[in-house]
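Visitor: I would like to go through this model step by step.
Guide: Then ask about one part at a time.

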There are 2 protein chains.
Amino acid sequence: MLSKNQIKLINKLKLKKHRAEMNVFVAEGIKTIKELLKSNLKLQHLYTTELFNIETDLETLISEADLKRISFLTTPNKALAIFEIPKSKPIDLSKLCVALDDVRDPGNLGTIIRLCDWFGVQDLICSVGTVDCYNPKVVQATMGSITRVNINYIDLERFVTEVNVPVYGAFMEGENVYNHTALNDSGILIMGNEANGVSKPIEALITQKITIPRFGSLQATESLNVATATSILLSEFKRRTIER
Amino acid sequence: MLSKNQIKLINKLKLKKHRAEMNVFVAEGIKTIKELLKSNLKLQHLYTTELFNIETDLETLISEADLKRISFLTTPNKALAIFEIPKSKPIDLSKLCVALDDVRDPGNLGTIIRLCDWFGVQDLICSVGTVDCYNPKVVQATMGSITRVNINYIDLERFVTEVNVPVYGAFMEGENVYNHTALNDSGILIMGNEANGVSKPIEALITQKITIPRFGSLQATESLNVATATSILLSEFKRRTIER
């Protein structure tokens, strides 16, 4: 059985400040945990209703009732693991990186991490106002991709000011991405906040504004979701690498 | 003030069978409702905490407390409207249509409807096992696009058996979509269920299996989410129409 203290400690990890203090995060569900165990992540402890048969001092068999007490999910899924937050690696600007300017929705960030992994984007750069990638909902949505993408939280404006690579930005008014002649597989692709898009100070630093054109006669759709737009733009950047 | 009966009636509309019986659906939030009012949809009634100043017999001013009693959202957003479910129009197979084989997640269906609208896909065909497009979560996620896409729920296997157009399907193993030489702007693009992909009987009817290739060296991402995959494939189909 879990002690009150253990339960309290795990529940604290819902908040970013406690995750940062303790340098750990929570992952849930057999499938996600198995994915993370395959990676270089360091497991701190596993609480599970079905033994994984890993090192015994790292694993505690708990009841469904106890799992409910520590789970962040409405329907807990057999296991909850606590992993150490890994150190971020330096950003490699010789390849295409994605940067997020205050993306707030955990589902969107999770989808974008999964997309970076799929399209071989090694570096995801997040403004400090972007939702924390170790938020349990983000971890859940990445389906294990979080271990394969290098994520750095930085002062985005300062970073972009100092780099010397093409800075692409997604805008409603920009050059049609399909006809764009200079989509390179190096540089930074900046995606903006769900409600406000790319912020003004960052916009001033963009060297290439690109847009996904609307099709059809109605032209009434207001905008695409940021994760959807990221998928289309990454697809187009990466398609060009095949053509060359 | 709303009567108990009115509250009960509106709450019933959470369920598909009651929506079908009464031929109405619920939309929430000022922005979504305003979008829908601009369309051909017929408003049955609007319950709102701030008057819209439309025909008075169609509008009832209610309290925040009453809105909470009828809202399907955890944070109700000022207004709730009941619209008549419109009749679907016949499917136009001379243009590219999207078909969904048992897509279950309301967020995914909402995103796909919004994508169809963006990319000028007029017809979305749903298998009977696909989540109802008048599910409140779907209506919410479409951001008004639901009024601009013609959605038919049909026996997908029978329909696909009888058509005489290219039938594309998204698979993990198929022809690389970027190199595919025969992506036409007519035919049907079939997207499968979140967990199981395209079902076996439908798979047998596919004339062109297509795939979005993974990039990068790790090649470990398990799959793309169905809405994300739809965005990438529609982008690629529609890009070709510009090139021609």
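Visitor: By what turn and shift can chain B be laid on chain A?
Guide: This is a predicted model. Chain B goes onto chain A with an RMSD of 0.0 Å. That is the relation of a two-fold axis. The shift along the axis is 0.0 Å and the turn is 180°.

Visitor: In chain B, which residue has the C-alpha nearest the axis?
Guide: The C-alpha in question lies 2.6 Å from the axis. The residue is B:Ile232.

Visitor: Why do the copies meet through the same surface?
Guide: The interface residues of chain B can be checked against those of chain A. The copies meet through the same surface because the interface residues of chain B are also interface residues in chain A, and the share is 100%.

Visitor: What area do chain B and chain A bury between them?
Guide: The contact involves 35 residues of chain B and 36 residues of chain A. Of the area buried between the two chains, 62% is on carbon and sulfur atoms. The area itself is about 3200 Å².

Visitor: How many salt bridges are there between chain B and chain A, and how many residue pairs in polar contact?
Guide: One salt bridge joins the side chains of A:Glu236 and B:Arg239, at 3.9 Å from N to O. A salt bridge is counted within 4 Å, so this pair qualifies. The count between the chains is 2 salt bridges, and the residue pairs in polar contact number 9.

Visitor: Which element gives the largest share of the side of chain B that touches chain A?
Guide: In chain B, α5 (106-118), β8 (167-176) and α9 (226-243) each supply at least two residues of that side. The largest share is 9 residues, and it comes from α9(B).

Visitor: How do the residues of the side of chain B that touches chain A divide by class?
Guide: The classes are nonpolar, polar and charged. On this side of chain B the division is 13 nonpolar, 13 polar and 9 charged.

Visitor: How far apart do the C-alpha centres of domain 1 and domain 2 of chain A lie?
Guide: The domain assignment of chain A gives residues 4-84 as domain 1 and 96-243 as domain 2. Their contact takes 13 residues from domain 1 of chain A and 12 residues from domain 2 of chain A. The C-alpha centres of these two domains are separated by 30 Å.

Visitor: Which residues of domain 1 of chain A lose the most area to domain 2 of chain A?
Guide: The two domains of chain A bury about 1100 Å² between them, with 62% of it on carbon and sulfur atoms. On the side of domain 1, three residues together account for 36% of what that side buries. They are A:Arg19, A:Phe25 and A:Glu35.

Definitions and conventions. Residues are numbered from 1 along each chain as its sequence is written. Chains are lettered from A and ligands numbered from 1 in the order in which they are written. This is a predicted model: local features need pLDDT of at least 70, side-chain atom pairs count only at pLDDT 80 or more; totals for chains, interfaces and linings use all residues. Side-chain values use heavy atoms; hydrogens and water are left out. Copies are superposed by least squares on the C-alpha atoms of residues with pLDDT of at least 70 in both. Contact means heavy atoms within 4.5 Å. Domain bounds come from an automatic or database domain assignment. Buried area is the accessible area (1.4 Å probe) that two parts lose on being put together, summed over both. A polar contact is a pair of N or O atoms within 3.5 Å; within protein, one must be able to donate a hydrogen and the other to accept it, and residues adjacent in sequence count only if both atoms are side-chain atoms. Helices (H or I, at least four residues) and strands (E, at least two) are DSSP runs, numbered from the N terminus. Ala, Val, Leu, Ile, Met, Phe, Trp, Tyr, Cys and Pro count as nonpolar, Asp, Glu, Lys and Arg as charged, and the others, Gly among them, as polar.
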